[in-house]
Amino acid sequence: MPTLALNDDLVLPVAQSTVWKALHDLALVGDALPDGASLAAADAARAFTLAMPGFDGRVLLLDLDAPSRLRLSFDGQGPDTGGVSGQMQLRLETLGPDRTLMHVALVLQAERVVPSKIAGLQRLRQRLAAFERAVEQRHPSDCPKPVPAAPKPWPQRLLDWYLGWFAAMFNGTLFPPPKPRPRRHRGPH
């Protein structure tokens with residue numbers, strides 16, 4: 001079975017309690033889904049139906065530890081992917097009064113080969129970005145968005161690599177010393 005795994009982090013400019021409420025707001029989560037998709041409560045407790053173009057499935061809330069962690073399972077059917085199953089875990093950490101870090105771990109398995117794992121990961125990241133936009137629209141914040149650090153210029157990256165390699169040569173981590181061999185007892189000939 002082809003597997004698609006995603007581990008990603010989002011920094012949301014709202015309090016952890018607001019993110020927790022947003023994760024349980026079906027209308028807000030629905031705004032993060034692609035066009036033509038819907039998420040609705042099912043008949044069973046903690047169960048939801050998910051309908052997307054070319055996919056019908058069910059989402060089940062497995063466990064939660066309010067307001068810091070929840071785990072979901074997915075199963076469904078699509079004409080291109082066949083049967084799909086997977087799990088998703090979301091962990092929330094407070095970074096400050098108006099900042100929350102959301103760790104996302106997702107694993108999906110499909111019966112048939114998906115066209116491209118890279119395209120699948122890009123679509124999943126697009127859904128996370130859409131969730132981030134939906135939270136920011138519903139709960140606007142005055143806090144500035146975090147700015148990612150600029151990458152180092154290539155000469156500095158090359159120098160850092162070389163110094164790391166050179167240090168590894170002399171501290172024994174690049175080529176560790178051989179393990180001693182046990183001595184063989186030689187008896188009289």
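Leaving aside its neighbours within four places in sequence, which residues is Q77 in contact with?

What we have here is a predicted model, where local features need pLDDT of at least 70, side-chain atom pairs count only at pLDDT 80 or more, and totals for chains, interfaces and linings use all residues. Residues are numbered from 1 along each chain as its sequence is written, and side-chain values use heavy atoms, with hydrogens and water left out.

Okay, back to Q77. Leaving aside neighbours within four places in sequence, Q77 is in contact with G54, F55, D56, G82 and G83; contact means heavy atoms within 4.5 Å. Take F55: Q77 and F55 are 22 residues apart in sequence, yet 5.7 Å apart in space, C-alpha to C-alpha. Q77 sits in strand 5. By the way, helices (H or I, at least four residues) and strands (E, at least two) are DSSP runs, numbered from the N terminus. And why does Q77 count as partly exposed? Because its relative accessibility is 47%; buried means under 20% relative accessible area, exposed over 50%, and partly exposed in between, with a 1.4 Å probe and protein chains only.

Now the strands around there. Strand 5, residues 69–78, pairs with strand 4 in the antiparallel sense over 9 bridges. Two strands pair if DSSP finds at least two bridges between them. In that pair, L61 stands opposite L72 of strand 5, and a hairpin of 3 residues joins the two strands.

Next stop, T100, which is found in strand 7. Is T100 buried or exposed? It's buried, because its relative accessible area is 0%. Beyond neighbours within four places in sequence, its contacts include L10, V14, A15, Q16, V19 and L92. A polar atom of the T100 side chain lies 3.5 Å from the backbone oxygen of A15.

Q16 takes us into helix 1. At 14% relative accessibility, Q16 counts as buried too. Its contacts, again leaving aside neighbours within four places, are P67, S68, L92, E93, T94 and T100. Helix 1, residues 16–23, is mostly covered, with 6 of its 8 residues buried: Q16, T18, V19, W20, A22 and L23.

Of the 45 residues that line it, L50, M52, F74, L124 and R127 are the closest to its centre. On a 1 Å grid over the protein atoms alone, a pocket is an open set of points where a 1.4 Å probe fits, with protein on both sides within 12 Å along at least five of seven lines, and lining residues have an atom within 4 Å of a point. Which element gives the largest share of the lining? That's helix 3, with 8 residues. The lining divides into 33 nonpolar, 8 polar and 4 charged residues.

How values were computed:
Ala, Val, Leu, Ile, Met, Phe, Trp, Tyr, Cys and Pro count as nonpolar, Asp, Glu, Lys and Arg as charged, and the others, Gly among them, as polar. A polar contact is a pair of N or O atoms within 3.5 Å; within protein, one must be able to donate a hydrogen and the other to accept it, and residues adjacent in sequence count only if both atoms are side-chain atoms.
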